[in-house]
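Subject: Structure handover and notes

Dear colleague,

Please find below the structure that I promised to pass on, with my notes following directly after it. I would be grateful if you could read the notes with the coordinates open beside you.

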Amino acid sequence: MAQWIHMSQMIQCLPHETVNNLYPPSAFPIEVRHFLAEWIENQRWDDFALEKVEQESQARALLDQTISLLQSIAQENANVVDRMKLMQISRNMAMFQQQPLQFGVMVRDILRKERVLIKTNNMENHPTVSVLSAVPCLMQDKRFQLLKKCVDCLDQCQTRLISRLKAWRWEQHKATIGHPFDDNLNPLQTWCEQLLGVNGKLRQELMLIGEPIPELQDRLRQLLQVLIQSSLVVEKQPPQVIKTQSKFSTTVRYLLGEKVAPGKPVVLKAQIINELQARNLGSVPGDNVGELINNTAILEHNTSSKSTCATFRNMSIKKIKRADRKGSESVTEEKFALLFSTEITITGCDTPYRIQMISLPVVVIVHGSQDNNALATIIWDCAFSEPDRVPFVVPERVPWRMMYSTLNSKFTAEVQTNHNLDQYNQHFLAQKIFDKPDFADDFSNIMVSWAQFNKEVLPGRPFTFWQWFEGVMDLTKKHLKTYWSQGLIFGFIGKQHLHLILKDRPNGTFLLRFSDSEIGGITIAYVSASENGGQKIQNIQPFTKRDLEIRSLGDRIRDISHITHLYPEYPKHEVFKGFYSGNASPIGGYIPVSLQTKVGT
């Protein structure tokens with residue numbers, strides 16, 4: 001009780017921020033210290049340490065007693081305001097039930113800091129102790145070194161956190177092309193909150209020293225600013241291809257949401273920026289390059305998920321202002337981004353902070369026919385951009401091995417299959433994009449350009465390589481997923497290679513390959529007898545998405561009597577019987593009819 005008597009006299013002269021830091025309103029408000037002063041000082045708190053798990057039961061007992069005493073005092077208190085306040089505090093302290101040791105350590109630290117403040121005050125009020133000034137100066141020096149080490153450690157931990165946040169965003173970026181991505185932000189949120197707590201305790205320790213240490217104070221202030229500004233994350237990205245007048249949504253999460261100071265709601269604003277503006281983040285964008293509808297959202301806390309998010313619903317781009325294009329650059333090659341910004345105040349911090357974050361690059365289109373080309377721009381950006389690049393710089397050329405890896409991961413992710421493209425598929429795709437059907441060597445290190453990917457049309461075709469590949473991917477995703485996953489489709493293979501592997505097979509041997517003459521088609525190549533008694537390879541007219549919507553591939557294979565064995569020698573009725581549909585049943589007394597595939601002679 002004696003310690004609290006001294007403290008209660010000193011508190012009137014202490015800054016408001018110091019008192020709040022000493023007795024955190026959300027965890028251990030000053031009322032607890034006041035009403036339970038004698039009981040608190042009669043308990044043993046100094047032995048508590050987070051690493052001593054064996055003390056957990058002792059800490060829990062003290063926590064339970066604290067809550068019980070507060071409730072008893074509340075019930076006996078005649079002042080209704082005090083009574084309600086104490087009951088609310090007792091309910092809030094139940095948050096320590098899962099981690100009672102934290103409660104014990106917190107009270108231990110509060111009592112220690114009180115003793116330091118009392119000692120400092122006594123020294124200032126008794127000049128005679130200046131005779132011993134050499135010893136306190138030495139202790140101050142030791143404390144400075146210890147605090148400096150703590151700040152160094154905090155700096156290192158925060159640097160690791162910032163790196164991990166960047167890695168999370170990078171993995172989110174790569175997920176567009178099918179790379180695995182764990183979107184769970186909870187561990188990073190805990191990390192942010194812990195660093196904020198440590199920063200606050202160190203700033204509090206510096207205040208208790210009694211003399212300013214600008215070096216450490218400035219470092220902690222800078223670390224705090226970086227942490228507060230880095231904790232804004234675009235959890236759910238907007239679509240990377242956005243059509244004007246079309247509605248879309250996006251979610252921004254603030255990882256220090258539970259530490260936001262109470263008061264007026266925090267409103268986030270979104271605006272669209274171009275590539276040049278994205279390179280000058282930190283300043284408020286000048287020209288408005290686009291008009292966003294429903295571009296504000298309130299930061300809201302979800303108690304069940306413990307996340308604090310602003311969800312922009314029904315957002316749309318009403319109009320867009322494009323930059324002057326260079327040479328043959330098309331509108332589907334121009335990249336924008338959404339910039340999210342707000343002003344936020346954190347509990348324990350005096351000044352508000354201006355924070356902002358940009359989305360991944362987006363391409364804005366005005367018509368659905370531009371979707372395919374816009375997606376090509378996004379694929380190239382996600383696959384070949386470098387971390388920490390200047391927005392939104394990408395290389396003009398990349399090695400074929402990188403291109404193939406991207407095509408494979410995008411194909412398997414889009415189709416949702418574990419069946420990868422094989423070496424035959426890879427070689428054919430390389431032959432096609434480089435227009436080298438006779439090249440038999442390794443393409444791995446040959447450079448492929450953006451123009452070859454999606455600007456120049458393929459020789460003799462009215463479409464680009466990406467337009468053709470994306471059509472195959474879409475067809476497989478919607479109509480051929482199971483066939484592909486079971487390895488029944490050979491896939492990407494050229495006619496020369498096709499003749500090579502089928503030339504010695506019996507008549508009726510067939511395989512399924514993607515058409516290389518039209519977008520989104522699959523064809524059946526099979527061995528048949530020629531007019532002179534020999535053999536020839538026939539290719540049936542490709543089936544498109546529309547064809548397979550009318551009659552499935554399995555039923556079409558069953559219809560065609562010319563084909564009997566899937567390459568190399570699997571009887572088709574054994575392999576494809578699971579894909580055959582049953583006979584139609586009579587409906588309303590009518591005799592059922594069915595379509596059937598016929599192959600011309």
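Throughout these notes, a residue is called buried under 20% relative accessible area, exposed over 50%, and partly exposed in between, with a 1.4 Å probe and protein chains only. By that convention K306, at 51% relative accessibility, counts as exposed; this residue is found in the loop between strand 7 (300–302) and strand 8, and has a positive phi of about 60° although it is not a glycine.

As for provenance, this is a predicted model, in which local features need pLDDT of at least 70 and side-chain atom pairs count only at pLDDT 80 or more, while totals for chains, interfaces and linings use all residues. Residues are numbered from 1 along each chain as its sequence is written, and side-chain values use heavy atoms, with hydrogens and water left out.

Overall picture

The secondary structure of the chain comes to 20 helices and 19 strands, where helices (H or I, at least four residues) and strands (E, at least two) are DSSP runs numbered from the N terminus. The radius of gyration, taken over C-alpha atoms, is 35 Å, well over the 25 Å that the globule rule (2.2 Å times the number of residues to the power 0.38) gives for 601 residues, so the chain is more spread out than a compact globule. Along its principal axes the C-alpha trace spans about 120 × 60 × 45 Å, and 45% of the 601 residues count as buried. The chain exposes about 31500 Å², of which carbon and sulfur atoms supply 51%; accessible areas come from the Shrake-Rupley method with a 1.4 Å probe. If contact is taken to mean heavy atoms within 4.5 Å, then among contacts between residues at least 6 apart in sequence, 66% join residues at least 24 apart.

An open sheet is formed by four strands in the order 6-4-9-10, with antiparallel pairing; two strands pair if DSSP finds at least two bridges between them. Strand 6 (296–298) and strand 10 (353–358) stand at the edges with a single partner strand each, so one side of each is left without a neighbour in the sheet. Neighbouring strands of this sheet are turned by 25° against each other on average, direction ignored; axes here are lines fitted to C-alpha atoms, for helices over the stretch in contact, and angles run from 0 to 180 degrees between N-to-C directions. Helix 10 (residues 214–230) packs on the sheet, touching strand 9 and strand 10, and its direction makes about 45° with that of strand 10. Within the sheet, strand 4 (residues 267–274) and strand 9 (residues 336–344) pair over six bridges, and N274 stands opposite F336 in strand 9. R221, which has its place in helix 10, is partly exposed, with a relative accessible area of 46%.

Other strands and loops

Strand 5 (residues 290–293) pairs with strand 8 (residues 307–320) in the antiparallel sense over four bridges, and E291 stands opposite K319 in strand 8. The covered face of strand 5 holds G290 and L292, whereas E291 and I293 make up the uncovered one. In a regular strand the side chains alternate between the two faces of the sheet.

T244, in the loop between strand 2 (241–243) and strand 3 (248–254), is buried, with a relative accessible area of 10%, and touches I317, V364, I365 and V366, not counting residues up to four places away in sequence. A261, by contrast, is partly exposed at 24%; its C-alpha atom is separated by 4.5 Å from that of T347, 86 residues apart along the chain.

The annotated span and backbone details

The UniProt annotation "domain: SH2", from an unreviewed entry, covers residues 484–567; such annotations may be inferred rather than shown by experiment. The end C-alpha atoms of this span lie 14 Å apart, and the span is 27% helix and 29% strand. Strand 15 (residues 521–529) and strand 16 (residues 535–539) run antiparallel, joined by five bridges, and form a hairpin with five residues between them, where G533 in the turn has a positive phi of about 90°.

Two cis peptide bonds deserve a look: one runs from P391 to F392, with omega near -20°, and another joins Y567 and P568, with omega about 5°.
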